[in-house]
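Hello,

Here is the structure to look at before we next talk. My notes follow below it.

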Amino acid sequence: MKIQDIYDLSIKIGMEADFRGVAGVQKLLDNKKKKFEKMSPQDQADFDKDALINPYLDSGVHNISQDKEIKKVLVGIDVGPEEILLAKELGDIDLIIGHHPIGKGLAQLADVMQLQCDVCNYYGVPINVAEGLMRERISEVARGVNSANHQRTVDTAKLLGFNLANFHTPCDNLAAKFLKKLVEEKNPETVGELISILKEIPEYKEAMKIGVGPKIFVGNPDNRCGKIAMSEITGGTEGSPKLYEKMADAGIGTIVGMHISEDHKKEAEAAHVNIVIAGHISSDSLGVNLFMDELEKQGIEIVPCSGFTRFSRINK
């Protein structure tokens, strides 16, 4: 596989695992194309053309120094200049892959958060309510990432001659789909039973060894789950804390997420919604592993670093 093949694959599998379905995501791309075609020539020149083919702008290829067959990749949850230097020390890395957004992907993190509106709608929250509550949060995230040194890692890769990419929402979509399918199959009655199911997943079992395994942040083990939502596994970053009340109104009893702030925790408590935090880096590892399995099937060697714990599910 070449870098373009890996990029194309990330979009394909991200769309297939998306809560909106392939048709729903394609409709989003088609709408962007229609808006682009109505723009003035000057606005078209300024428009990011990747947005016409990539629904996950927090992910992409940031540098190609050598457009060659990829045989060995260095993969980390967070990739910075130190991981680029690590690749130099290792000496035979064809591509460095990060999970969390870098470069242009970080600058456009807020672009993927519309997905959260559709996920909430999938679980029963009216789309107008979800969009109204998320609008302020999306704007807040866009302002928050605006001041970052977006190109620091990309510049390091360019100077040292390394191919560099990151894949965020496509991997998070894979993790959300995996967890949704598993929980629906097991159908736990209590929050404690849900925690037990999560603890059997290799990434979370490994995280337990360092004290960051699945935990109940709101509720208790004897609470009945009710309807379980995977509404905080994908969609860029945390959504609006005001959504918990609306999720409860939609019949959601338990939410599984990666992480939660204190403000969000308080709102969940007020709405009497159980919150199970599966784990941040471990959940990221789950999604990345599912993507890396696809690369491994093509004969690519995976070298994990920066918090990424590699578990292959090939032939399992």
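**Salt bridges and other findings**

E269 is partly exposed, with a relative accessible area of 36%; partly exposed means between buried (under 20% relative accessible area) and exposed (over 50%), using a 1.4 Å probe and protein chains only. This is a predicted model, where local features need pLDDT of at least 70 and side-chain atom pairs count only at pLDDT 80 or more, while totals for chains, interfaces and linings use all residues. Residues are numbered from 1 along each chain as its sequence is written, and side-chain values use heavy atoms, with hydrogens and water left out.

E269 forms a salt bridge with K265, at 2.6 Å from N to O. A salt bridge here is a side-chain nitrogen of Lys or Arg within 4 Å of a carboxyl oxygen of Asp or Glu. K265 and E269 are separated by about one helical turn, because they are four residues apart in helix α13 (residues 262–270). Helices (H or I, at least four residues) and strands (E, at least two) are DSSP runs, numbered from the N terminus.

D94 lies in the loop between α4 (81–90) and β3 (95–98), and K68 in the loop between β1 (60–63) and β2 (72–76), so the pair ties together parts that are 26 residues apart in sequence. D94 is buried, with a relative accessible area of 12%, and K68 is partly exposed at 28%. Another salt bridge joins K209 and E206, whose closest N and O atoms are 3.2 Å apart. K209 is exposed at 63%, and E206 is partly exposed at 30%.

**The interior**

Which residues have the most contacts inside the largest nonpolar core? They are I6, M230, I275, F291, M292 and L295, in a core of 79 residues. A nonpolar core is a set of buried Ala, Val, Leu, Ile, Met, Phe, Trp, Tyr and Cys residues joined through side-chain atoms within 4.5 Å. Helix α1 (residues 3–17) gives the largest share of this core, eight residues. Apart from it lies another core, of 13 residues, including I84, I102, L164 and C305.

Leaving aside neighbours within four places in sequence, the residues in contact (heavy atoms within 4.5 Å) with I275 include K215, I216, F217 and Y244.

R137 is found in helix α7 (residues 127–146). Is R137 buried or exposed? At 14% relative accessibility, R137 counts as buried. The side chain of R137 reaches the backbone oxygen of E238 at 2.7 Å.

**Backbone and surface**

N187 has a phi near 50°, a positive value in a residue other than glycine. N187 sits in the loop between α9 (169–186) and α10 (191–199), and is exposed, with a relative accessible area of 60%. S306 also has a phi near 50°. S306 is in the segment after β9 (301–305) and counts as partly exposed, at 26% relative accessibility.

L159, in helix α8 (residues 152–160), counts as exposed at 75% relative accessibility.

Regards

How values were computed: A polar contact is a pair of N or O atoms within 3.5 Å; within protein, one must be able to donate a hydrogen and the other to accept it, and residues adjacent in sequence count only if both atoms are side-chain atoms.
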